[in-house]
Amino acid sequence: MGQGRRDVVQGLPLYQQGAAVGEGAVKLSSNENPFEPLPSVVEAVSQMLSGFNRYPSMGAEDVRTAIAEHVGVDMRHVAVGAGSTEVASQLMHALCGAGDEVVFPWRSFEAYPILTQVAGATPVPVPLTKDLRHDLDAMADAITDRTRLIFLCTPNNPTGTVLHADEVEEFLAKVPQDVVVVMDEAYCHFNRDTDAVDGLALLDGHPNVVALRTFSKAYGLAGLRIGFAISSIEISDDLRRVATPFTVTSLAQQAAIASLAVEDELNERVDRIVAERIRVFDELTRQGWPVLPSQANFLWLATGDDTDRIDGVMVSHGVFARCWSGEGIRVSIGSPDENDRAIEALSQAIKG
Ligand SMILES: *Cc1c(COP(=O)(O)O)cnc(C)c1O
């Protein structure tokens with residue numbers, strides 16, 4: 001422990017961001033929204049540019065009120081952070097202490113094990129089933145008297161699978177009331193499966209459920225950083241108690257308010273991304289790739305041991321996806337042109 005550094009921190013990976021790509025290359029590695037921000041959102045952000053010598057609103061009342069009206073709750077149920085990753089971190093710090101356990105599916109969002117360890121808690125990853133869905137039975141079995149928090153990720157990053165409402169209800173019936181279940185719904189706008197669970201719909205009957213959402217994906221505000229949780233007032237208050245003050249900038253707050261005001265336009269873009277997802281899925285399936293049906297803005301190719309070779313071919317064609325050596329490749333859905341480039345690059349990687 002030289003220089004007072006923490007052992008647990010030195011064991012953590014340095015976050016691997018989707019590759020920075022050069023001129024002419026296609027970046028499909030971070031599940032970003034391919035559309036430029038809407039003019040009305042740019043306008044709202046521009047209006048804040050002259051005032052940033054001042055701190056943003058600490059209580060973020062205006063944006064929390066706008067979110068609350070949007071989802072139909074009182075604003076005291078809303079907590080915000082610099083992206084829902086930060087809100088997930090607030091949940092860890094608010095609810096976990098040393099030795100407490102956080103259960104999550106694996107493979108899933110890479111931040112879960114990192115945030116858990118930074119908060120001093122113990123990660124309990126539960127492997128996905130063979131068809132790459134959450135293993136809810138195994139997750140229920142993983143609950144101990146040290147479990148404080150469970151994350152469900154639906155649609156799951158990076159596999160794109162969704163949880164169904166009935167299986168989540170069944171799962172919640174097995175979870176003790178003092179264990180908080182977070183529904184991480186970063187990609188919920190892209191879901192078209194009518195049986196899929198809606199985290200917000202669970203809140204009434206289940207005070208231990210938290211719905212976690214973000215403006216980064218469907219709403220295209222990834223670079224501004226704002227996400228939110230809807231939960232009981234008690235949990236919401238605790239999130240604000242542990243939050244680092246002022247992380248959500250005035251620009252992000254205004255952009256989020258402006259985005260909610262043009263939801264229809266944003267949803268129309270989401271529809272176009274979903275249509276592209278279906279087109280790319282069909283194309284890649286026709287090419288013979290083991291591609292999983294997805295309800296998110298990305299596709300998972302279960303390429304196993306062949307992953308590095310395939311990724312190499314894609315990169316040589318200037319297409320950057322996210323690759324997990326020995327497991328698979330996650331290809332974000334971009335603009336139609338970008339998707340064509342990915343389809344073409346993958347066609348070059350088919351083994352002759
Ligand atoms: C992208 C993502 C988030 C949140 O991202 P932020 O930009 O921090 O809001 C949360 N969960 C999952 C599963 C994601 O993929």
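This is a predicted model: local features need pLDDT of at least 70, side-chain atom pairs count only at pLDDT 80 or more; totals for chains, interfaces and linings use all residues.
Tutor: Local features need pLDDT of at least 70, side-chain atom pairs count only at pLDDT 80 or more, and totals for chains, interfaces and linings use all residues. Residues are numbered from 1 along each chain as its sequence is written, and side-chain values use heavy atoms, without hydrogens or water.

Student: Why is Lys217 called buried?

Tutor: Buried means under 20% relative accessible area, exposed over 50%, partly exposed in between (1.4 Å probe, protein chains only). Lys217 has 15% relative accessibility, so Lys217 counts as buried.

Student: What does Lys217 touch?

Tutor: Contact means heavy atoms within 4.5 Å. Leaving out residues up to four places away in sequence, Lys217 touches Ser30, Asn31, Asn33, Ala186, Tyr187 and Phe190. The unreviewed UniProt entry annotates Lys217 as "modified residue: N6-(pyridoxal phosphate)lysine". Such annotations may be inferred rather than shown by experiment.

Student: Why is Phe246 called partly exposed?

Tutor: Its relative accessible area is 33%. That lies between the 20% and 50% limits, so Phe246 is partly exposed.

Student: What makes strand S7 largely enclosed?

Tutor: Strands (E, at least two residues) are DSSP runs, numbered from the N terminus. Six of the six residues of S7 are buried, so S7 is largely enclosed by the rest of the structure. Val209, Ala211 and Arg213 are buried on one side, Val210, Leu212 and Thr214 on the other.

Student: How do you know that S7 pairs with S8?

Tutor: Two strands pair if DSSP finds at least two bridges between them. Four bridges join S7 to S8, and the two run antiparallel. In S8, Ala229 is the bridge partner of Leu212.
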